[in-house]
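Welcome to this short briefing.

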Amino acid sequence: MTVATSRHPTRANSEPAGVDNRLVVGGAALTWRSLPTPTLPDPTAVLARSAAHALTAARQHAVHGTELLLSTVGRVDAAMRTELLEAGFTIGVLDDDGVHPSAPARPRAAEPGRLWLLTSGSTGRPKRVGHTLDTLTTVRADQPERTWLCPYAPGTYAWWQVVTLSLTQPGQHLVVVEPDELDDWPTVAAAHGVDAASGTPTFWRRTLYRDAAALARVPLRQITLGGEPVDQAILDQLREVFPTARISWIYASSEVGASIVVHDGRAGFPVDWLDRETPGRPTLSVRDDELVVTSPYHGAGLAGPIRTGDRVQVLDGRVLITGRRESDEINVGGSKVSAGVVRGVLAGHPAVAWARVTGRRAPVLGRMVVAEVVLAAADPSGADTGVPDEAALVRWCADRLPEHAVPRRIRVLTDIPVKETLKSDV
């Protein structure tokens, strides 16, 4: 399935406004202007070998308007390659030696200015969603000068949000980290003056778990979270480390664009934002516990109210996103349990750094609630942090959840799992 946006394509052969912004990639200091602009087939699906190669493809598109789908080699499997070739794309693996193309059997005319994104595939096989550089550029007002960290996989919606900010806004510099730098990104960020960073909750939790002291040495003034459910525990942990930074969470997707932005430090968004119609802004609704978005940023093929597939809960005047509908609901003996709600309870334990909640087959009940957790690192001062065992965590949940929602098994992992998309399937 493909979806195309209705905005006008990018004007070709024009330099973007941020062309002289500083880029740091692979330890090298560059600018957008100094990047090479490879000759790309048109249309092309570029599979970048590194973050640097992805940036060159983005610059090439910004200047020439080549119809482009950008991803990494690892995110496009054999079936997706076949699908792209059948859709008329030349697939080009981009590395230090240039583009290595595989041409389609039936070439087609290119659509100037078109950008294609692959969805995350959380609801099945990824699909292509069409945009332009204009529709991916959601920050348009003048911004204070910032040096942004970009940890996302190239070609994802979140990656484009950071990249378009640097491409289109003077004074928005960029430090890009490769996957093998993720565990040590605070050192890289501190060395290059990063003062703004965007990442998933899993990204932030993993960093806090691995080296909170190193994170605290990064002079962050802007912290952004998105891509997964954002609970109060991670917001509070970041506020403790960065008491003066602005902490924002953003709800965005390839289909509906950036639809919700919250800066008040609280999980979810105010319930009075629901069904509020403002010209030029998304309208948010809830139907059958599912978030529905009507957005000016989504594709023409998705016009009107879009069911996002995300389950929500209204609690204490806030609308909380708890997880994907197809995976969030667990039926325990006829009683419905939200995995996201249980996960939030576990994450609220002071000794839990991360949690994942799922359902498992069980006799009589059909399903039972089980969980995996990663416990917070020991206090370096040697103070007793009261590290809980499984029984203690079960009691913690039992004090806060109905009996059928309490996890029956809780397994302790030694590290927080993360995928290339910086998510962990929560």
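Angles under 35 degrees count as roughly parallel, over 145 as roughly antiparallel, 65 to 115 as roughly perpendicular and the rest as oblique. Axes are lines fitted to C-alpha atoms, for helices over the stretch in contact, and the angles between N-to-C directions run from 0 to 180 degrees. Helices (H or I, at least four residues) and strands (E, at least two) are DSSP runs, numbered from the N terminus.

This is a predicted model, in which local features need pLDDT of at least 70, side-chain atom pairs count only at pLDDT 80 or more, and totals for chains, interfaces and linings use all residues. Residues are numbered from 1 along each chain as its sequence is written, and side-chain values use heavy atoms, with hydrogens and water left out.

**Two helices side by side**

- Two packed helices are described by the angle between their axes and the distance between the axes.
- Helix 6 (residues 201-216) and helix 7 (residues 232-241) pack at an angle of about 10 degrees, and their axes are 11 Å apart.
- Helix 6 and helix 7 are therefore roughly parallel to each other.
- Where they meet, W204, R205, L208 and A216 belong to helix 6, while I234, Q237, L238 and V241 belong to helix 7; contact here means heavy atoms within 4.5 Å.

- Eight strands form an open sheet in the order 3-2-11-10-12-13-14-15, with mixed pairing; two strands pair if DSSP finds at least two bridges between them.
- Its edges are strand 3 (28-31) and strand 15 (257-262), each of which pairs on one side only.
- On average, neighbouring strands of this sheet are turned by 25 degrees against each other, direction ignored.
- Strand 10 (residues 146-150) pairs with strand 12 (residues 196-199) in the parallel sense over two bridges, and A196 in strand 12 is the bridge partner of W148.
- Helix 1 (residues 51-64) lies across strand 2 (22-25) and strand 11 (172-176), at about 145 degrees to strand 2.
- Helix 6 lies across strand 10, strand 12 and strand 13 (222-226), and runs at about 120 degrees to strand 13.

- A second topic is the open sheet of three strands, ordered 23-24-25 with mixed pairing.
- Strand 23 (352-362) and strand 25 (409-413) are its edge strands, each pairing on one side only.
- From one strand to the next, the twist averages 25 degrees.
- Strand 24 (residues 366-375) and strand 25 pair in the parallel sense over five bridges, with A371 opposite I410 in strand 25.
- Helix 6 turns up here too: it packs on this sheet, touching strand 23 and strand 24, and its direction makes about 120 degrees with that of strand 23.
- Helix 9 (residues 339-347) lies across strand 23, strand 24 and strand 25, at about 140 degrees to strand 23.

**Aromatic rings and charges**

- Rings of Phe, Tyr and Trp (its six-membered ring) pair if their centres lie within 6.5 Å; planes under 30 degrees apart count as stacked, over 60 as edge-to-face and the rest as tilted.
- By this rule there are five aromatic pairs.
- One of them joins W159 and W160 edge-to-face, at 5.0 Å centre to centre and with 85 degrees between the planes.
- Both W159 and W160 are buried; buried means under 20% relative accessible area, exposed over 50%, and partly exposed in between (1.4 Å probe, protein chains only).
- W185 and W204 also form an edge-to-face pair, with centres 5.9 Å apart and planes at 85 degrees.
- This pair links distant parts of the chain, with W185 in helix 5 (residues 185-191) and W204 in helix 6, 19 residues apart.
- A charge sits over a ring if NZ of Lys or CZ of Arg is within 6 Å of the ring centre and within 35 degrees of the ring normal.
- R128 lies over the face of W116, 5.9 Å from the ring centre, and R400 lies over the face of W396, 3.4 Å from the ring centre.

- Most residues other than glycine have a negative phi, and most peptide bonds are trans.
- The peptide bond from D42 to P43 is cis, with omega near 5 degrees, and P43 lies in the loop between strand 3 and strand 4 (44-48).
- D289, which is not a glycine, has a positive phi near 65 degrees; D289 sits in the loop between strand 17 (283-287) and strand 18 (290-294).
- With a relative accessible area of 43%, D289 is partly exposed.
- L422 also has a positive phi, about 70 degrees, although it is not a glycine; L422 lies in the segment after strand 25.
- L422 counts as buried, because its relative accessibility is 2%.
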